[in-house]
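Here's a quick briefing on the model below. Have it open in your viewer while you read, and we'll go topic by topic.

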Amino acid sequence: MIKIEKEIKGKKIILETGRVAKKSDGAVLVQYEDTIVLVTAVISLFTSKESSFLPLTVDYREKAYAVGKIPGGFFKREGRPSDEEILCSRLIDRSIRPLFPEGFRNEVQIIATVLSAVESNRPSTLSIIGAAAALSISGFSLVKPIAGVRIGKVGEEFLFNPTDEELKQSELNFVIAGSKEGIVMVEGEANKVEEEVVIQSFKEAHSYITKLIEVEEEFISKAKKKEKEVPLYQIEEELKEKVTSYAKDKIEAIKKEWSKEEKDNYVKCLKEEVLEKFLSEYTDKKDTILDILEEMLKKRMRELIIKDGERWDKRGMDEVRPISCEVGVLPRVHGSAIFTRGETQALVVTTLGTSADEQRIDGLQKEEVFKKFMFHYNFPPFSTGEVKYLRGPGRREIGHGFLAEKALLPVLPDDKSFPYTIRLVSDILESNGSSSMASVCGGSLSLMDAGVSISDPVAGVAMGLVKEGGKVVILTDIQGLEDHFGDMDFKIAGIKEGITAIQLDIKISEIDFDILKEALNKAKIARSHILQEMEKVIKEPRGKLSSYAPHIAIVSILPDKIGELIGPGGRIIKRIIKESGADINIDDVESKVTISSPDEEKTEKALQMVKQIISEPEVGKIYSGKVKRVTDFGAFVEIMPGKEGLVHVSEMSNKFVKNVSDVVKVGDAIKVKLVEIDELGRLNLSKRKAMLHSNDSSKKTDR
């Protein structure tokens, strides 16, 4: 058993192996305070030769027992991964995937299991550390150590692995992974921070990452297993030479003067021609032949950029594709927009709901968490002209939706000024790069069309990179081919003055800070241009909500009044709902009642009925009541639901009343004045004084 303990920034981190999960190729327990994650790595001995990509699978799982909880639901056990678990799996995958050498085709599975957790310490960054360490000690150590850290900023101070309470005060929340040489992955949100702050956070995080890697290196040096050979996949030389020889001149014939459409059509025809030429001889090598062509196309596209300064679609390096925007495109929804940039198009629809529509999150938090804002992203196969099974959302869809959600969250109104649950759905209708950023732009337009009072419109753009030797070219608003053949996909969303969300993925070993800084500054210029195009269609949120959106009224309620409003067996609240036609939700935690209906009159009717019940009777006030009982000494009148008072026979009239039944009967509606609430809480009413008040009012009116 090997165990390393080190203290960094006043917090102890522990790496351990050799005690559990010894059948895996690499197993590491990572502990930070009381949070413990077990990360295992298993690598297949067999090579998937026909796979054109690294067959890496990463699964992150949270055990409910880690925080002393029993899972919710019927089965009371962990089931399919939650969105949070899927997002953490993506963080680990995106961090370690660029580190594998080209040609690595052995199947790799990383499983990170949260065994113990402090609610304030999120285990995702520990899982990144554990994944890198487990791979490094597996005996297949073809990757160099990396580490991850979560960074926040409160005031002028940067916080490493901040608690949830600290994150509530933080102006940014980034998860950053890197090697000793530089940054390899970034994911996070920010509250409209400037580009300089983002770069500074990268540098601060990298200095912390370097210290973590030193701990990893010491651990690896003591725990590393005997080296095992992993042959890297290489294409058959004979086939590669034949295809290259046949297609070389044809690839080089792609001219920079051609339009994008001409290039795309030429490449499509070339692929068909090459497959027809070689498939008869190499019947089972279709993917390999296409891989050879892809590599040649990649080289040609990068040559056009580096040597000729020409992009595939003839744009300038800093030029954004043509933009068109539409709002109000669907008549019955609450808000809608279509955002088109080049060949990428997103239809984004806003739906407004009540507190009953909030999403309950069941995770490692001990207290229940509810989401009032949701962004769901869909990527149907027709958006890329493909034929595929239409399935539920995968990891990519969940990741892109979450990124767009983070980008828009800082500009949404608070719950008190806008008590609606908001759901955005982005359906990608066409895709040729940066559909997640198109979803951000479309989401901003859709929210304004719905009348949601956002503080600022938000736009997003994806930045790319081509790096060859000492030459570096940064590309603005990359399309699909530039993402596929380029070295970086840097998505940046924000308002004119600052950033709200970022996501960085690279395909090279690391990127230095000067490149990232230049990309951020160019993205700011592009973002300003996109926002100007959006403002041509809609500048600010509409003045009122859609007529199809629910009308909501919220009223505070004293805790001891909740039982009165509900009534025995729910009788009173059910009667109000039936008579008014509105929906009513009672929040006993925040002591408030939410009333909603698509019809404003129904909402108002229910509101008045609720107010009658939760309001306290006021001495001196005139009430319209209903006679409930008649006795020899007076009549009992209900002035509010569940509130009865006595009108004594002496208060029935200005004249002598011998029999109460001569004046009122059960069921009569009469006006009474509340004259007293005695020490026992009984209500004493007067019909006589109510009549006098009415007569006085008539005289004043006559005069």
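Let's start with Ser-597, which is buried, with a relative accessible area of 3%; buried means under 20% relative accessible area, exposed over 50% and partly exposed in between, using a 1.4 Å probe and protein chains only. Bear in mind that this is a predicted model, where local features need pLDDT of at least 70, side-chain atom pairs count only at pLDDT 80 or more, and totals for chains, interfaces and linings use all residues. Residues are numbered from 1 along each chain as its sequence is written, and side-chain values use heavy atoms, with hydrogens and water left out.

- Ser-597 sits in strand E24 (residues 592-597); strands (E, at least two residues) and helices (H or I, at least four) are DSSP runs numbered from the N terminus.
- Not counting residues up to four places away in sequence, Ser-597 touches Pro-550, His-551, Gly-581, Ala-582, Lys-602 and Thr-603, where contact means heavy atoms within 4.5 Å.
- Ser-383 is in the loop between strand E16 (373-378) and helix H8 (395-408), and it counts as buried because its relative accessibility is 6%.
- Leaving aside neighbours within four places in sequence, Ser-383 contacts Ile-428, Leu-429, Glu-430 and Ser-431.
- Phe-418 lies in the loop between H8 and strand E17 (421-430), and at 8% relative accessibility it counts as buried too.
- With neighbours within four places in sequence set aside, the contacts of Phe-418 are Leu-352, Pro-413, Gly-451, Val-452, Ser-453 and Leu-545.
- From Phe-418 to Lys-22 it's 396 residues in sequence and 54 Å in space, C-alpha to C-alpha.

**Nonpolar cores**

- The largest nonpolar core has 135 residues, and Ile-110, Phe-202, Met-488, Phe-490 and Leu-516 have the most contacts inside it.
- By nonpolar core we mean a set of buried Ala, Val, Leu, Ile, Met, Phe, Trp, Tyr and Cys residues joined through side-chain atoms within 4.5 Å.
- Beyond its neighbours within four places in sequence, Phe-202 is in contact with Phe-174, Ile-176, Ile-183, Val-186, Phe-490, Ile-502, Phe-513 and Leu-516.
- There's also a second, separate core of 30 residues, which includes Tyr-233, Leu-239, Ile-254 and Tyr-282.

**H6 against H7**

- The axes of helix H6 (residues 260-278) and helix H7 (residues 286-306) come within 10 Å and cross at roughly 145°; axes are lines fitted to C-alpha atoms, for helices over the stretch in contact, and angles run from 0 to 180 degrees between N-to-C directions.
- On the H6 side, Lys-263, Val-267, Lys-271, Val-274, Leu-275 and Phe-278 meet Lys-286, Ile-289, Leu-290, Leu-293, Glu-294, Leu-297 and Leu-304 in H7.
- That contact splits into nine nonpolar, no polar and four charged residues, with Ala, Val, Leu, Ile, Met, Phe, Trp, Tyr, Cys and Pro counted as nonpolar, Asp, Glu, Lys and Arg as charged, and the others, Gly among them, as polar.

**The eight-stranded sheet**

- An open sheet of eight strands runs in the order E8-E7-E9-E10-E21-E20-E18-E19, with antiparallel pairing; two strands pair if DSSP finds at least two bridges between them.
- At the edges are strand E8 (157-160) and strand E19 (471-476), each pairing on one side only.
- The twist averages 20° from one strand to the next.
- Strand E7 (residues 147-154) and E8 run antiparallel and are joined by four bridges; Ile-151 has Phe-160 in E8 as its bridge partner.
- Helix H2 (residues 124-136) packs on the sheet, touching E7, strand E9 (172-178) and strand E10 (183-193), and its direction makes about 155° with that of E7.
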